[in-house]
Every structure is written in structure tokens, then in C-alpha cells.
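Walk me through this structure, one step at a time.

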Amino acid sequence: MDNHPVIVTQPYRPLHPLHLLLAGSAFPLFLGALIADIAYARSYEIQWTNFASWLLVGALVFAVIALVWALVSLLTPTARTRTRFIYVGLLALTCVLGFVNSLIHAMDAWQKMPQALVWSVLCVASIGASLWFALGGTLRRREVLP
């Protein structure tokens, strides 16, 4: 008897290039908001917070459209893999964190500084993790069953 693992070859269904463009476009905008928050923490020039707020709005537009597309793509059975569910969950987490970050950026400029920087770091980390699952090799691996 041979006890080697069985490789299940499911048809690989990659993300659409336009979907990757939408998800990937949110990352530099979240990163720009983080850089603007760092600039505000160093200079206390209020225009940096306004710039960060607008960058967050743009990032959320791209992230929400990518999230809706990812949720619709889960309707097909070939797209329902564990890593795709993790990707969609991280993208949803990014949208929630970005929304809370936008609410914090709507506060008075003198009140928001420690929290805004922390929330911007969390947004960049979550969108980076979701892009790692979207662009990395994890969506292309075959699952091995014992």
C-alpha cells in the first residue's frame, strides 16, 4: 500500500487583472496617508492631515470596490479556496480599519495625532497582508490532502 498524499488539482482561478489593479491601487494611497500622518507628527502643519484624509477616501473607494468584486467572485465554486477566503477577510478588515481611520481623521487636528498614526499603520499592514495573499504564490498553490 502506498500512503503518499493525494494532490487535489482544482482548476486554478486567478484574480482578474482589473481586480488586482483595484486592490493594488489602495495600497499606495493608504501608504501616502501614513506618510502624511508622519509628516504631520513632525511638523504639526494642519494641511498634512487634510491630505491624509483625502488619501484615505481614495484608498477606501478602491478597497470597497475590490471587496465587492471579491465577494461576488466567491459565488463560483472554483474560487472558494481557503486562501481566497483569507484574502476576502483581510480586505474586509482593511475596509473597516480604513473607515475607522477616516472617522479619526475627521476629529480636531490637535486631538487625532496619536490615534491617527496608529490606525494608519494598521491600515497599511492589513492592505499589505491582503495583497500578499492576492499577489503572492499562496493563491496558486495546490492543496494537499492526507
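Start with Ile 104, which is found in helix H3. This is a predicted model. Is Ile 104 buried or exposed? Its relative accessible area is 12%, so Ile 104 is buried. The cut-off for buried is under 20%.

Which residues does Ile 104 touch, leaving out those up to four places away in sequence? They are Lys 112, Gln 115, Ala 116 and Trp 119. Take Trp 119 from that list. Ile 104 and Trp 119 lie 15 residues apart along the chain, and 8.4 Å separates their C-alpha atoms.

Now move on to helix H4, residues 113–135. H4 has 23 residues. From its first C-alpha to its last, H4 reaches 33 Å, close to the 33 Å expected at 1.5 Å a residue. Several residues of H4 are buried, among them Ala 116, Cys 123, Ile 127, Leu 131 and Phe 133. What covers the buried residues of H4? The cover includes H1 and H3.

Ile 127 shows one part of this packing. Setting aside neighbours within four places in sequence, Ile 127 is in contact with Ala 23, Ala 26, Phe 27, Phe 30, Leu 91 and Thr 94.

Ala 23 has its place in helix H1, residues 17–43. Its relative accessibility is 1%, and therefore Ala 23 counts as buried. Ala 23 and Val 64 are 41 residues apart in sequence, yet their C-alpha atoms are 8.9 Å apart in space.

Next comes the core. In soluble globular proteins, nonpolar side chains tend to be buried together. Here, the largest nonpolar core has 30 residues. Which of them touch the most other members? They are Phe 30, Tyr 87, Val 88, Leu 91 and Ile 127. H1, H2, H3 and H4 each supply at least two residues of this core. H2 gives the most, with nine residues.

Finish on the surface. Trp 54 is found in helix H2, residues 47–73. Is Trp 54 buried or exposed? Trp 54 counts as exposed, because its relative accessibility is 65%. The cut-off for exposed is over 50%. Trp 54 also belongs to a nonpolar patch on the surface, with Val 57, Val 61 and Ile 65. Together, these four residues have about 420 Å² of accessible area.

Notes. Residues numbered from 1 in each chain as written. Predicted model: local features only at pLDDT ≥ 70, side-chain atom pairs only at ≥ 80, totals over all residues. Heavy atoms only, no water. Patch = residues over 30% accessible without salt bridge, like charges linked within 9 Å, V, L, I, M, F, W, Y side chains within 5 Å. Areas by Shrake-Rupley, 256 points an atom, 1.4 Å probe, with all protein chains shown as cover. Salt bridge = Lys/Arg side-chain N within 4 Å of Asp/Glu carboxyl O. Helix = DSSP H or I, 4+ residues; strand = E, 2+ residues; numbered from the N terminus. Buried < 20%, exposed > 50% of the residue type's maximum accessible area, 1.4 Å probe, protein only. Core = buried A, V, L, I, M, F, W, Y, C linked by side-chain atoms within 4.5 Å. Contact = heavy atoms within 4.5 Å. Expected span 1.5 Å × (residues − 1).
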